[in-house]
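Reader: I'd like to go through this one with you, a few questions at a time. Could you put the structure up?

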Amino acid sequence: MKTQLFKVAPPMRRAIHDIAITRTGKPIIRTPGGGRSSIGGHTATVFGATGFLGRYIVNRLARSGCTVVIPYREEMAKRHLKVTGDLGKVVFMEWDMRNTPSIEESVRHSDIVFNLVGRDYTTKNFTYEDVHVEATQRIAEAVAKYDVDRFIQVSSFNADKNSPSKYYATKGQAEEDARAIFPETTIVRPGPMYGFEDRLLHRLAGATNVFTANSMQQKMRPVHVIDVGKALEAIAYDDTTASQTFELYGPEEHTLKEIAHMVDKIVHKTHRHINLPKKAFQVIASVLDYLYWPTISPDEIERQYLDHKIDVTTKTFRDLGIEPTDIEADMFQYIRHYRSAAYFDLPPMTEKEKRLERQYLHVQQDV
């Protein structure tokens, strides 16, 4: 009987180019090519990782071998993130935005910190100021205390402390506070994001999409959440992006009504909309605020009257070497399940079918 011998793989050899020196002089060992089981070298803390954008940046960091620290509030909200990285690479720590020691404990061993904390609506326990301004101040102070190499503050499009929207105003105030406390802060302002768990396409495709404001004429540049996650990873690894401001938005501008029309074509339904006056709709939204699940807030109605404005002085996807995709090319996979069973298996239209449909619509408009 033959005995089969297995060769033991030789230890991986390191080279000078495998070592990266961070802004503060800390050496980071990186494995060429990356991979879940590789040594990414970096330790990153992601506040707000249990939200929509969080899972995409956690996945990109953990799959390249980085150790990711995830502060969390609710046990059930974070469990899906455990499988994004190899054993021991995803570390959970309970935190409270009003508890400074828990914040400091979450960042003290990290060389990259992301702040994705944000809320579209207020609750009885947390206002916009609590979530956006106070939490940012505490996180930035902890980052400054331990001299963390990189701090990325994820804000919002239209962030302006003088905005009539409390959401945009507090986001703008948080940007100023973060820069005042930690001048090397990188600010990222993503546009309206869409993806599997978004509140844009799913709201337009759902049955509750009845009442609207501003006749759905709000102009925006929706951006794919996967593109935003890719950009955040590139920013984190590039020290030259420190103290810079990035605005991440899609290549095309659409009105909310145009996006709703695209959604209707994909799900093969025609949603009927009832446009309400601004003040009346805000009164209704104030009453709905007392429900135990999120519906629509008065401030969200205010935001529907504010178009997406681009700051031309900021950097964009192009400065990171990333080409964003348009919402029309990606939305099919996210809202297909809203179709009736009679249409569920229909594939997306081919380019020829799209050309024929445009020709037909052109004739209709001429008539």
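Reader: Okay, is Asn214 buried, partly exposed or exposed, and at what relative accessibility?

Author: Quick heads-up: this is a predicted model. Asn214 sits in the loop between strand E10 (211–212) and E11. Buried means under 20% relative accessible area and exposed means over 50%. Asn214 falls in between, so it counts as partly exposed, at 21%.

Reader: What's phi of Asn214 near?

Author: Most residues other than glycine have a negative phi. Asn214 is a residue other than glycine with a positive value, and its phi is near 60°.

Reader: And Ser215, what is its phi near?

Author: Ser215 is also found in the loop between E10 and E11. With 39% relative accessibility, Ser215 counts as partly exposed. Ser215 isn't a glycine, yet its phi is positive, near 50°.

Reader: Let's talk prolines. How far apart in space are Pro222 and Pro251, C-alpha to C-alpha?

Author: Pro222 is in the loop between strand E11 (219–220) and strand E12 (223–224). Its relative accessible area is 1%, so Pro222 is buried. Along the sequence, Pro222 and Pro251 are 29 residues apart, while in space the C-alpha to C-alpha distance is 8.3 Å.

Reader: On to charges. How many salt bridges does the count come to?

Author: Side chains of opposite charge can pair when their charged atoms come close. The rule asks for a side-chain nitrogen of Lys or Arg within 4 Å of a carboxyl oxygen of Asp or Glu. Counted that way, the salt bridges come to 16.

Reader: Take Glu197 and Arg55: how many residues apart in sequence are the parts that this pair ties together?

Author: Their side chains meet in a salt bridge at 3.3 Å, N to O. Glu197 lies in the loop between strand E9 (193–194) and helix H6 (201–205), and Arg55 is in helix H1 (residues 54–62), so the parts tied together are apart in sequence by 142 residues.

Reader: In the salt bridge of Asp130 and Arg98, which residue counts as buried?

Author: The two side chains meet at 3.2 Å, N to O. The pair links helix H4 (residues 128–145), where Asp130 sits, to the loop between strand E5 (90–94) and helix H3 (100–107), where Arg98 sits. Arg98 has a relative accessible area of 39%, so it is partly exposed. At 16% relative accessibility, the one that counts as buried is Asp130.

Reader: What about Arg189 and Glu175, buried or exposed?

Author: These two form a salt bridge, with the closest N and O atoms 2.9 Å apart. Arg189 is in strand E8 (residues 186–190) and Glu175 in helix H5 (residues 166–181), 14 residues apart. As for cover, Arg189 and Glu175 are both buried.

Reader: Now the second largest pocket. Which element gives the largest share of its lining?

Author: The second largest pocket holds about 930 Å³ of space. It is lined by 31 residues, and those closest to its centre are His261, Met262, Asp264, Lys265 and Ile266. Helix H8 (256–267), helix H11 (327–330) and helix H13 (351–366) each give two or more residues to that lining. The largest share, eight residues, comes from H8.

Reader: Last one: which residues form a nonpolar patch on the surface?

Author: One of the members is in strand E1 (residues 19–21), namely Ile19. At 42% relative accessibility, Ile19 counts as partly exposed. The patch has about 270 Å² of accessible area together, and its members are Ile19, Ile21 and Ile29.

Terms used
Residues numbered from 1 in each chain as written. Predicted model: local features only at pLDDT ≥ 70, side-chain atom pairs only at ≥ 80, totals over all residues. Heavy atoms only, no water. Patch = residues over 30% accessible without salt bridge, like charges linked within 9 Å, V, L, I, M, F, W, Y side chains within 5 Å. Areas by Shrake-Rupley, 256 points an atom, 1.4 Å probe, with all protein chains shown as cover. Helix = DSSP H or I, 4+ residues; strand = E, 2+ residues; numbered from the N terminus. Buried < 20%, exposed > 50% of the residue type's maximum accessible area, 1.4 Å probe, protein only. 1 Å grid on protein atoms, 1.4 Å probe; cavity = no way out; pocket = protein on both sides within 12 Å on 5 of 7 lines; lining within 4 Å. Points joined across faces, edges and corners; volume = space filled by probe spheres on them.
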